[in-house]
Amino acid sequence: MSIAVSRRAFLLGTAAGTLALATSRVAAAAEKLKVAGIHASPVENAWNSRLHEALLAAAKDGVIEYTFSEGVSGTDYPRAMREYAEAGNKLIVGESYAVETEARQVAADYPDTAFLMGSSGGPAGDNFGTFGTWNHEAAYLAGMLAAPMSKTGTFGAVGAIPIPEVNILINAFRAGVKEARPDAKFLVGFIGTFFDPPKARESGLAQIDAGADILFGERIGTADAAKEKGIKSVGSLLDYTPRYPETVFANAMWYFRPILDAAVKDVQAGQKTGKDYSPYSFMKEGGNDIVFSETMVIKDSIPAMEEKRKAIKDGSFKVPVDPSEPT
């Protein structure tokens, strides 16, 4: 009798232990990853908005717990990184363009925290991952649609700063135009900052005065110049058409969620994050694509663009990645 009772007690105890272990595993899997976003510009800035929206969506999906700061200056950026790391955030997302050396030092000081930074440099150590804004494939396709729309044959582009990530987009747009219009001419201007819509507008107006009648707006504010002068424009990163329905005919969209998901997965799995996550920006990964208005573009240009789009997605065509400064 006592043996039977002991055996039963043992089985019940084992079952309870197994159930407790399974429950703890489920709880661990369901635990949200603490993620912080550090934005050098306001979150309404085109580039930052893409990160911010993806992080908000991941939080809404229950994947992460998200907190953020915006308008963080270069001098305060390393301090913000340290504060978020010490607050227990396991992944910190941001940009290290203005603080490459300092950001890498912070990452080295906090080896148990993963950092995912927009950067012109490569990854560092086991925990400093980088990514580039590579919506160049969509920019190329936008160039194909833009080519036959110009009456002057002169195309303008307004960028932030001539760093590789910006140069790649402008050069890809120009390459797309050249495919359909080899004799095209180009004007380019850099405003020297990542967020200054009035300055981007002024640069766009100067290019229009110089003969451009199609503008590629790598920076927000470019479409304001196009609208003011009654010409057409291409948007970058997000969909500007609802804001400029008679002006912006195509947008080279960029989606940060594939990059974020890959980094979150690595952190949760205990994998090293000191790597380049840029490939998740590619069209085949869902990282970029073109959105355009069929009523605004020349219909005969759509089939060739769609054929090229299909080739990009299946890997049979690769858009040139040209980081050289456009002139």
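Strand 4 (residues 114–118) is mostly covered in this predicted model, with 5 of its 5 residues buried, where buried means under 20% relative accessible area, exposed over 50% and partly exposed in between, using a 1.4 Å probe and protein chains only. Strands here are DSSP runs of E of at least two residues, and helices are runs of H or I of at least four, numbered from the N terminus.

On one side, strand 4 pairs in the parallel sense with strand 3 (residues 91–95) over 5 bridges; two strands count as paired if DSSP finds at least two bridges between them. Within this pair, methionine 117 of strand 4 is the bridge partner of glycine 94. Between strand 3 and strand 4 the chain passes through helix 4 (residues 100–109), giving a right-handed β-α-β crossover. Right-handed means that, with the strands pointing away from the viewer, the path from the first strand over the helix to the second runs clockwise. Strand 4 is also joined to strand 5 (residues 128–131), by 4 bridges, and the two run parallel. Here phenylalanine 115 stands opposite phenylalanine 128, and methionine 117 stands opposite threonine 130.

These strands belong to an open sheet of 5 strands with the order 2-1-3-4-5 and parallel pairing. Strand 2 (64–69) and strand 5 stand at the edges, each with a single partner strand, so one side of each has no neighbour in the sheet. From one strand to the next, the twist averages 20°; axes are lines fitted to C-alpha atoms, for helices over the stretch in contact, and angles run from 0 to 180 degrees between N-to-C directions. Two helices lie across parts of this sheet. Helix 4 lies across strand 4 and strand 5, at about 140° to strand 5. Helix 2 lies across strand 1 (33–38), strand 2, strand 3, strand 4 and strand 5, and runs at about 150° to strand 2.

Helix 2 (residues 46–60) also holds arginine 50. Despite its charged name-type, this residue deserves a look for its surroundings. Arginine 50 is buried, with a relative accessible area of 10%. Neighbours within four places in sequence aside, arginine 50 is in contact with Leu237, Leu238, Met253, Trp254, Tyr255 and Phe256, contact meaning heavy atoms within 4.5 Å. Of these residues, leucine 237 lies in strand 9 and is itself buried, with a relative accessible area of 1%. Leucine 237 has a positive phi of about 80° although it is not a glycine. Most residues other than glycine have a negative phi.Strand 9 (residues 232–237) is joined by 5 bridges to strand 10 (residues 248–254), and the two run parallel. In this pair, serine 233 has valine 248 of strand 10 as its bridge partner. Both strands sit in a second open sheet, of 6 strands, with the order 7-6-8-9-10-11 and mixed pairing. Its edge strands are strand 7 (185–190) and strand 11 (288–292), each of which pairs on one side only. The twist of this sheet averages 15° from one strand to the next. Helix 7 (residues 197–209) packs on the sheet and touches strand 6 (154–159), strand 7 and strand 8 (214–217), with a direction at about 165° to that of strand 6.

Helix-to-helix packing is seen between helix 5 (residues 136–146) and helix 10 (residues 302–314), which meet at an angle of about 165° with their axes 9 Å apart. Helix 5 is therefore roughly antiparallel to helix 10; angles under 35 degrees count as roughly parallel, over 145 as roughly antiparallel, 65 to 115 as roughly perpendicular and the rest as oblique. Residues making the contact include Tyr140, Leu141 and Met144 of helix 5 and Met305, Arg309 and Ile312 of helix 10.

Taken as a whole, the chain has 10 helices and 11 strands. Of its 327 residues, 51% count as buried. Among contacts between residues at least 6 apart in sequence, 67% join residues at least 24 apart. The C-alpha atoms fill a box of roughly 100 × 45 × 30 Å along the principal axes.

Residues are numbered from 1 along each chain as its sequence is written, and side-chain values use heavy atoms, with hydrogens and water left out. As this is a predicted model, local features need pLDDT of at least 70 and side-chain atom pairs count only at pLDDT 80 or more, while totals for chains, interfaces and linings use all residues.
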